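Here are a few friendly notes from going through the model. I have kept them as numbered points so that you can check each one against the coordinates.

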Amino acid sequence: MSSASLPPNKRPRIIARACLLCRTRKTRCDGQQPQCTACVNLNKQCEYKFQNPRERPTFSRIHGLESRLSTLENFVVILHLAEPEERERLLNAAVDAHGVVTVPLDLPSRHQHRPPDRDQNHSPVEPVSTEDELSISHFISRVGAGTEVLRNFGPSSALHVPPKRSSGPTESRKQPGPHDRQCDALFANAALQRQLEHKLSEKNLIEGVPTNIALHLLNCHWSRQHHTLLLTYRPAIMRDLRQAGPHASPFLVNAIFACSSKFSGLLEVRDDPANPASAGCRFFTRCDKLLAQEGLLMQSTISTVAGLLLLGSTYNARGETSKGWLYCGYALRMVYDLGLHLDPTETTDAPEEIEIRRRVFWGAFIYDKLQGLYLGRPVAINVRDSRVSHELFDTYEEMDLFLSPASMGVAINSPMPIRSVSTFQQLCLLSKIMTTIINAFYVIGAMVSDAQSSLQSVEAALEQWKDNLPAELEFSPWASRQANKQPPNVMILHSLYYTLLILLHRPFISDGHMRAAGFPSRSWERCSEASQCISHIARCFRDAFTLSSAPYLLGYTIYVACTIHVRNVVSQREDASFLHESVCCLDELCTANPGIAKPVSIIRRMMKDNAIETNKGVNQPQIADLTTPSLESLDLDAIISMFPTSDFQSTGNDASGTHYPDLSYDPLFGFMDEHSASMITSRVWDVLIVGSGNAGFSAALSATDSGARNVLLIDKCPQSWVGGNSYFTAGAYRITHDGLPDILPLVNNVSEIQAANIELAPYTGADFSADMRKVCAGRSDPRLSEALIGDSNGAIKWLASKGVRFQLSFNRQAYEVGGKIKFWGGLCVKTEDGGKGLINDELAAARRQDVQFSWSTALHHVERQPSTDLLQATVTVDGSTKAIITRALIFAAGGFEANPKMRSEFLGPGWDMAMVRGTPYNTGDCLEFAIRDLDAKPVGNWSGCHATCWDANANPDIGDREASNEYTKSGYPLGLMLNTNGDRFVDEGVDMRNYTYAKFGRAILGQPEHVAFQVWDARTTSWLREEEYREERVERISADSLDKLANKCVARGLHNKDQFLDTIHTYNKAVYAHRKEHPNSKWDPAIKDGLSTQSSSMKLPLAKSNWALPLDKGPFLAVKVTCGVTFTFGGLQVDASTAQLLSSTTGKPLPGLYCVGEMMGGLFYDNYPGGSGLTSGTVFGRRAGEAAAKAASVASRL
């Protein structure tokens, strides 16, 4: 029978792509069928080998056979020792009707036997769990006679000085639990020290850092890293900060500052305000200097141990695994040197000293095990080598209420206890079992028979741990939709438990290194159930807290679950929603934990290899209910065959472009630490996109949709600054639509009851076109405008299909008037969570579609390769210059708004003083060299830009990624704007805000000192947007009278108080005069209501044309604003249908070159209709991606 006659699922796969002749001659084969090019040229018969090659005796196969032999030998010995009835039962269980031998799992414990040629007195398996605390007195040594300094020199050491005993021989004793008096003393001290922490604010500096910044960083530490491991003892550290004590050493304090800086949004903690990756660099540098100058690695102290462990964990999270591994190694050596692995109750009665030593030891013990899992390396501290109780005296933090950090973006309706002490103690117990799993199953030299005999006992220990959990730590979200809420540390504890279940059973079902007959079905059932539990926990974590600040540990547990989900999906025994939801969670975690990007790529490669769609399922509302595949329905052979075999050979390049022949690949630990910097030069890319904003992502998604296989997106910003200026927007999209019925299917925040009260008129193409003509003074390129308007509706529906979440913009574009919610200004749709949500959703979609990324990669030059249609892009990455070869290139790198020199040159004098409200990386580099080197044609309004009212107290050179768009101050239509001379300078009500906010920033920049005051009274302050004007975000200048308000404004830069008051009084007179002539007019902020300052009896030189209410009812509010520049209008000319660049010389398209987003010129002049910028990025990004993919396809065939 030929292979062609076999059913598709039974046909042998092609092992090699080369034909037999090319393989024999060892030449490259192009794989063409029925005959390759080489065979045609040589006039030879071309044959492909369709059967699997003869299996070679790999080490893994030899090891497997040896393990099988050992298991059978052990079984024979058991049969020999068994009673006749039991022997008969075991034989019947071992041999089935077909004569297949399967060693039973339920062998009696009294029959466990080790072959006689092995060491009877040694086992590599750790005790699973024990609370027996043996006497440690023999291992305690005093440094010298008469001193109280204790060190760890055991009895074999020449440095051992035995401690003096009071009387009698040495006894083995069990350490007592914490005494009530000791607990009470530490608890009371913790409460007292917490009350005294405020005294630190009296200091000018803390370790050379301004006190306000230092306290902010300390608060970040206590609310973030601290509750996971309790490594740092807060009462002692905060007390010694005040008193210059030993527990707050300069090294430990700087380590805390360094590690908590990444959680801070303060620009003051960055060495380079424009570079978030520089956060904490000065503290890392200080730590390095202290280590060297103070010789801290030469002398062990507890504070040094804690500092090294904090730094090690942070380096690991940042992807610097070697440095993290080494720092952790130093700390673990010091643990032994200080004798922290020996319970301190033998040597001291001081409760605080006992507490600190126990916390530091167990923090080190746990981190040692977690790092062993992350990196697939042996542990340094084994259970048998330590005798330390995990009981803690101080439980003050146990009932601290969990309050979500601001960066989580969520509010906890009912604060819950953090349960940090009990969670930490349970993690201590779980880490003991973790040690056993690593040593028995995941180290070189682990014996198959040992692992098999340990499987049941370790699983029993895990189940016992779970059964013994205190009721307040229970968490089973799959059991009920109303599962009890828990803080993050409790959720992660449960996720780790289920991960250990997978790691326990996985060796028996995956690549065969410990696989034995009789194990796979049961082990697979346990892995499947555990992986689904992890996915449920991850979803609950995301829904409750978001994943923006979740730890790396959660990402690792989700990754382990995904390796099981992939196999279940392929075997059609599990709904794909588990896998897709989990991969989405990993995508979200990548922002806070860049090290997870590599594991995500591994999962996607597994999905791709098994023909699982990677862009499916993102809109599913929830993952499926918890199910466990039935054993009867499992095709175990099919499942197991999906795991890489031990003689795995790469047939191509991995994601980094590195070839790994003959290398055993472990889907849990393989390649997770591999550096991918060389990826960008490893291939010819179909499409290269420059810029990671909305336009760039739209182009990338469209290119992959259109058939481009290799798409690379680069940006000169680090990954933490992904999103360009799109990230700082409100996420508003201006689109044509047919009214509410057309919009409702796109949005996720409208109930049926709400829909009945919404007034949303259709916004037609004619409406959009009229707005473009009005706002841009009729200057917009008609072809670009027509494309923008015509594709606007389809563009966001396409984005929605990619998983971008849309909502009706109630808070920004609607007012409730007369019981109805009225939308105004032709703008109604935004993305969920604004620009942040847009970029997060687009980034996740791009990852699902296998777009590759290279961050901190600056493009400097583009040229055509001689005699080819390929483009060579010269970039700087990792400090070196590299060449990227691509068939098509799409510019999406933004304008020049962050370049003060170019602003001054093109926008005019004074524009170097404007504040940058977004990314600091849009500096116009690509615009300059595209015009200079590529003959691209400049076009559009180079002296124009989008500039809005911006908080005068914001950072002038860089946007705040946490606050994002909230520094915008767009409430001026509800009040007045006055400059520092006390004069109005714009008609605040000339049009709806959507048509004026992008140009009023320019008006403010033209005022004295480039600032102004927005002013309201009690009539309208409640209508201001909370996100823009709340006290936490802006300095609110308030007073109960206008005179007092003016005085406060004088203290903030107002020069002419009298003119300020006179302007407002004159305005009020004009408002009342208009109201007298129009008594029936009603104020309506959702329309241009005609309430004005202009009447027959009185007209102001500068009118307020609409929404003119008197400003005379206290209390009053003022806010100081300035000009914030968003993006520039000048750019490069493109073909409207493809966004292809046009030549300045010939006016014809430049082959392979495209331009979108802010870099595209000719669309906006002087102003723009609000929300049309993002729409433009998506419309033309989509066109450019499609055209570039088609051009790349043609080029690849030439």
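1. Where does S856 lie? S856 sits in the loop between strand 15 (852-854) and strand 16 (858-864); helices (H or I, at least four residues) and strands (E, at least two) are DSSP runs, numbered from the N terminus. Although not a glycine, S856 has a positive phi of about 50°. Its relative accessible area is 37%, so S856 is partly exposed. Here buried means under 20% relative accessible area, exposed over 50%, and partly exposed in between (1.4 Å probe, protein chains only).

2. Before going further, a word on the source. This is a predicted model, in which local features need pLDDT of at least 70 and side-chain atom pairs count only at pLDDT 80 or more, while totals for chains, interfaces and linings use all residues. Residues are numbered from 1 along each chain as its sequence is written, and side-chain values use heavy atoms, with hydrogens and water left out.

3. S964 is another residue to look at: its phi is near 55°, a positive value in a residue other than glycine. S964 belongs to the loop between strand 21 and strand 22, and with a relative accessible area of 6% it is buried. As background, most residues other than glycine have a negative phi, and most peptide bonds are trans.

4. Two cis peptide bonds deserve a check. The bond from Q33 to P34 is cis, with omega near 10°, and P34 is found in the loop between helix 1 (20-25) and helix 2 (37-42). The bond from G1114 to P1115 is also cis, with omega near 0°; P1115 lies in the loop between helix 34 (1057-1077) and strand 25 (1116-1128).

5. On charges, the whole structure holds 48 salt bridges (a side-chain nitrogen of Lys or Arg within 4 Å of a carboxyl oxygen of Asp or Glu). One of them joins E966 and R1033 at 2.9 Å, N to O. E966 is in the loop between strand 21 (945-951) and strand 22 (976-979) and R1033 in the loop between helix 32 (1026-1029) and strand 24 (1037-1039), so the pair ties together parts that are 67 residues apart in sequence. R1033 is buried, at 17% relative accessible area.

6. D543 is partly exposed at 48% relative accessibility, whereas R542 is buried at 18%.

7. R783 and D781 form a salt bridge as well, at 3.5 Å, N to O. Here R783 is exposed, with a relative accessible area of 55%, and D781 is buried, with 14%.

8. Leaving out residues up to four places away in sequence, V862 touches L871, Q872, A873, L889, F891, F929, L934 and L1153, where contact means heavy atoms within 4.5 Å.
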